[in-house]
Structure formats: C-alpha cells, structure tokens
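This report describes a protein model and the ligand that accompanies it. Please look at the fold as a whole before turning to single residues.

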Amino acid sequence: MAMAVGGMGAGDLAWWLGLVLGAAPLLCLAVWHSADACMSMSTLVYSLHWNYIGQVTFANICKMFISMEPSPLTCQIDQWFGGLVAGLRAFPLDFPGTAFHGARKCRRKLNAVFRQELEARKKVDKECDDLMSGLMHMEDEQGRKLSDEEVVDNIVSLVVAGYESTASAIMWATYHLAKSPAALAKLREENVALSESKAGSPLMITHDDLPKMKYTAKVVEETIRMANIAPMLHRVANKDVEYGGYMIPAGWSVLVWVRSLHTDPSFYQDPLTFKPDRWDEPAKPGTYQVFGGGYRICAGNMLARLQLTIMLHHLSIGYEWELLNPNAEIGYLPHPRPMDGATMAFRKLKTSA
Ligand code: HEM
C-alpha cells in the first residue's frame, strides 16, 4: 500500500532510508578521518577490525532509527541483533542451547525494547526526527496507520535486512580488492578521474555521476556475486511440484541454494576468482540470484548497490589498505565471512583531502 509520512510519500521515505543506511558506512570514514586529524603524522596505519566498524555504524543507526544515544542499552541492543542474525539461517530446533532458540529470545527482547520506546513516545506525544516517528505517522490513502506491532517489526527487519547485508558487502569488496591490486588500480583510476572532474563542486557523488562509474559498477556486481551474502532462499511449495525427477509435495519447505549458481563454472568462468571484467557480458538469465527473485526479490537491491558504489568511491580515492591475515579461514554461517573479522590496515592516501 502507498504510504505517506507527514506530507511525504513513499518515495520520500525510501530516499530518507537511503540517506540513513547510506550515511552509516560514511560515518565510519568520518571517524577514521577525525581520528587521523588528532595525530600529528601525515599518514597513519590503522589496524581495524570490522567488528569495530560495526559498532560505530550501529551507534549511528540507533540514533537515526530511534534517537538513542550510545549507552549500555544500545550495546545490549547490538548484541541482541547479533544473536538474532546468528540464528537467522539455523536449523529450526527450538530448545535452550540452539542458535534458533537464542535468535527467538533475542527477537523477543528487541521487540520489547522498541515497544517500550514506542509506548513512551505515545504517552507524551513525543515527536522525533527518526525512523520510528516516520513509521508511526505513516498513512495510506485511506488514512490508515501501521499497527504498533508493524512499526516494531519494520524497524527490526530493516536493521537485519539492510544493515548487516550491506556492511558485509562492503567488507567483502575491500577484502577482494586488497587481494586484487590490478582491479583496485582500475577502480581508483576511474574514481580519481571522477573526483578531479568535480573539483570545486560538492565532493559527494550524485545520480548523474553513476553512468560514468562503469568499472565501479562491475566491482559492485562481482563483489555481491562472490560474497553470496544470502547463499540460500526460503520458499514453500504451494502445490505438488516435480523437479529433476523428484516430487516436492505441497506444503514442504524448499531451500534454494543460490550459491551453487554463482560458483558454477558453466555459468561463471573461473568462478572463485574476483574478475570485475566478467560483467562486460551480462549473466545468463536465471544464473544471478544474489537478491533472490520473483515477488520477494530484495526490496533494497538498488539501494545496496548504491551504498556500495558510494563507499567504493570514497575508499578508493582516499585510502589504501591491506589484509593482515590474507589466508584467514572463511566461515559460512550465518553468512560468509573471514573468521578473523577481516582485519585490515588502512592508510590515508597523501593526496586525499
Ligand atoms: C548486498 C546487500 C543485500 C543483499 C545481498 C540482499 C539480499 C536479499 C535476499 C537474497 C533477499 C530474499 C529475496 C527472496 O526471497 O527472493 C532479500 C530480501 C529483502 N531485502 Fe535485501 N539484500 C541486501 C540489502 C538490502 C537493503 C540495503 C535493504 C533495505 C534497506 C534490504 C531490504 C530487504 C527486504 C525488505 C527484503 C524482504 C523482501 C520481501 O520479502 O518482500 N536488503 N534481500
């Protein structure tokens, strides 16, 4: 249903969300910059663990979603989200000790804390310039508002769907680029040229710049293909289906293992190698399901691409970096990640502003 926030339409809300979720990773760059400004050296090596980046972005999200300043409670909320994500793709065994049970417990705690905040706001009719207020006041054409449960559900879902996934994609982009100096050089060349062409105008890239960022777009697709952030999709057969000689009875849950598509050499030559130029040709129909497909395709797929593009622009023109443990073991659940947290050393480029 089409919604309006105050006088805003759904498109405005999407823009606002883009700003909020897009701003979070940029804040990290600002933190690095300001940390650097405190040092008297012109270049400095940072050894950063992505968990730390997660903490910074999460503090920002709490502020923008529910106007909460960093506190022991926001740290607790961060941990509950961690517990929820850890059980997101776990086998549904609901008894103490399982990841699934832990995730359900965390979800209940998150619901309770957001519900409490919502009730407190309603009691004093408090107005805040944040996502919760936006959702509380949204109306469709008939003037219907979201229920309290829907407001809370949207907040939790947006953090899980939009924040963890994109943070992971950004981590994988820096990981693969650190291992592919030729690709990083081409990325930097394109973005430095773009940045220089904008001398005197705002440093932020705009919608008009996107068509010029052809190599960056290829890096984005290749990162998302290789990252397989959502390696599987969940579906339920709504009628008996015969597939590949097997019968899937109606009502059965089906796990679609899309990762196997993205790592199949008959669809992607040398599939485990990071090669942005493979995107000079589009993927064969049906072989690229990183954002799912059909009615349930990821609602934020273009936003995720945009966030990654913006982040790659600022990282490539402003920093160089290296992986401190390039051979760190990779874990695959709840989603793929280097087990050392992708520890990297970042150095601010001397030429950058
Ligand atoms: C690289 C980043 C991302 C990846 C790889 C990703 C991937 C996915 C996948 C695979 C699905 C399930 C689709 C299906 O079942 O067919 C999904 C659903 C969804 N995603 Fe994303 N996503 C990303 C970023 C985002 C962002 C930034 C947002 C919004 C802020 C978002 C919002 C959603 C929502 C709301 C759904 C549920 C759609 C529905 O069920 O109708 N995602 N995503």
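Residues 24 or more positions apart account for 67% of the contacts in the protein with a separation of 6 or more; two residues are in contact if their C-beta atoms, placed from the backbone, lie within 7 Å. The model is a predicted one: local features need pLDDT of at least 70, side-chain atom pairs count only at pLDDT 80 or more, and totals for chains, interfaces and linings use all residues. Numbering starts from 1 along each chain, as its sequence is written.

The protein contains ten helices and twelve strands. Both are DSSP runs numbered from the N terminus, with at least four residues (H or I) for a helix and at least two (E) for a strand. Of the 353 residues in the protein, 27% are buried. A residue is buried if 20 or more other C-beta atoms lie within 10 Å of its own, exposed if 12 or fewer, and partly exposed in between, with C-beta atoms placed from the backbone.

**The ligand shell**

There are 23 residues around the ligand, and Gly162, Ala230, Gly292, Cys298 and Gly300 come nearest. Two or more residues of this shell are given by each of helix H1 (10-37), helix H6 (148-179) and helix H10 (301-318). A residue is near a molecule if its C-beta atom, placed from the backbone, lies within 6 Å of it. H6 gives the most to the shell, with six residues. By type, the shell divides into 16 nonpolar, six polar and one charged. Here Ala, Val, Leu, Ile, Met, Phe, Trp, Tyr, Cys and Pro count as nonpolar, Asp, Glu, Lys and Arg as charged, and the others, Gly among them, as polar.

Most residues other than glycine have a negative phi.

| Residue | Phi | Place |

Asp270 is exposed, since 9 other C-beta atoms lie within 10 Å.

**Arg225**

Arg225 is placed in helix H8. Arg225 counts as buried because it has 22 C-beta neighbours inside 10 Å. Leaving aside neighbours within four places in sequence, Arg225 is in contact with His262, Tyr288 and Val290. Arg225 and Phe291 are 66 residues apart in sequence, and their C-alpha atoms are 9.7 Å apart in space.
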